[in-house]
Amino acid sequence: MFSDEQTLSLVDVHGPSFYLVDIEKFRVNFSKLLGAFKAHYPNTKIAYSYKTNYLPNLCAAVNQLGGYAEVVSSMEMELARRLHILDSNIFFNGPIKGGEAISSLLANGGTVNIDSLDEFVTIVGWLEEAQLDQISLGIRCNFDVMDDANSRFGLDPESAEFKHIMNECVRHPKINLTGFHCHFASRAIESWTSRATEMVAFLQQVPDEIFAGLKQVSMGGGMSGEMPDEMQRQFRHNIPTFEEYALAAAEPFAQLIKQRDGIGEPELIIEPGTALAANVVNFVCSIASIKEIRGESVITTSGSVYNINPAPNRINMPIKVIPQCGDRDVKSVSDARLVGFTCIETDCLYRGFSGQIAVGDLLWLEQVGAYSIVMKPPYILPNVAIIEFDRQTGQTRVIKRAETFDDVFSTYNMGA
């Protein structure tokens, strides 16, 4: 692993805050997750959720490993193309995709999963003028998965709109209805059991002529990755293993395919993000000040909660202190708050820290690879450098330099 001495040496080059990325760990996660699902349904593929962490190195690794790209914007689609990913390996989800992006992908063999009737009408209107033989469409299914949340995405399969879209896809000479898709935010195993139950029940009712044309069925993402016990204890639900997710989703799907023997064997698609990327990225920042306010120790850092994921009710990530070299004015603190550099009262990286610490020490925070880098705004300070390290050799290379003033303000009109 990367040593404390190596981490300290990077401060002189990259400043007091930066990310460290372990690409090999990402590949290991990919193989473990895919292997768990393939054990139940061999025709499983991973479509990596770009929105979770669109570091080009991670996205390129997915392509090298035989995975697909799951994108939700024209920007993410363009990234996939810049990485030379075939349009046929891109799945376009999301509520607002953009007309030009949709038509471009469909014209080149990609798949769009319909999120609304309005979106479908727009595509049919474009298709009347397009000089194309066939396009591939899927439909996003919105089931009641009993998670106390009424998802705003996709269409209810029991609705008139859903049935109209499905029937029109079958009737239209230029449309191939190639898949059905669902995705729900909850990572609990109960949610996966519910979505798989609902999807299988729906597919059991799909007519043979439609089922035979399916190329993919997606169970979406929303999976936890491997994490240490100290993190797992902070969740209200048990953290499923990859094998448990696979048993909940891939096994009933495999049984469905056996029941419909000879009709079709579509790919089972899963769209992980957090499960692959969370434990791949570490964040390093330094201690700027230590003070006491009415009996509470408050430790200000060069980082921010926005560097590690600004989600509400954030749990504590695994953390360690890397002492600075030389003399240290060490303070012993108990139940302290580690807070960020911003002027937001709720900017807290860690609650309940106890131990010895000094100004200038570094903090190493783990499990920050999901929704951190992609959600960090240029608020108060630009983004920090992202550095890849090789676990075997300990060598590093910069995969994104620290942003500058010009990076943030170059698109503004600075004139009077």
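Is arginine 337 buried, partly exposed or exposed? At 26% relative accessibility, arginine 337 counts as partly exposed. Here buried means under 20% relative accessible area, exposed over 50%, and partly exposed in between (1.4 Å probe, protein chains only).

Some ground rules come next. This is a predicted model, in which local features need pLDDT of at least 70 and side-chain atom pairs count only at pLDDT 80 or more, while totals for chains, interfaces and linings use all residues. Residues are numbered from 1 along each chain as its sequence is written, and side-chain values use heavy atoms, with hydrogens and water left out.

Consider the whole fold. The protein has 14 helices and 17 strands. These are DSSP runs numbered from the N terminus (helices: H or I, at least four residues; strands: E, at least two). Along the principal axes, the C-alpha atoms fill a box of roughly 75 × 55 × 45 Å. Of the 416 residues, 52% are buried. Contacts (heavy atoms within 4.5 Å) can be sorted by sequence separation. Among those between residues at least 6 apart, 69% join residues at least 24 apart.

Now the salt bridges. Side chains of opposite charge can pair when their charged atoms come close. A salt bridge is a side-chain nitrogen of Lys or Arg within 4 Å of a carboxyl oxygen of Asp or Glu. The count comes to 17.

One of them joins glutamate 296 and arginine 337, at 2.9 Å from N to O. Glutamate 296 lies in strand β11 (residues 296-301) and arginine 337 in strand β13 (residues 331-339), so the pair ties together parts that are 41 residues apart in sequence. Glutamate 296 is partly exposed, at 27% relative accessibility.

Another salt bridge pairs lysine 25 with glutamate 226, at 3.8 Å from N to O. Lysine 25 sits in helix α2 (residues 23-38), and glutamate 226 in the loop between β8 (216-218) and α10 (229-232); the two are 201 residues apart. Lysine 25 is buried at 19%, whereas glutamate 226 is partly exposed at 33%. Lys25, Lys32 and Glu226 are linked in a salt-bridge network.

Glutamate 70 and lysine 51 also pair, with their closest N and O atoms 3.7 Å apart. Glutamate 70 is in strand β3 (residues 68-71), and lysine 51 in the loop between β2 (44-49) and α3 (56-64). Glutamate 70 is buried, at 3% relative accessibility; lysine 51 is partly exposed, at 29%.
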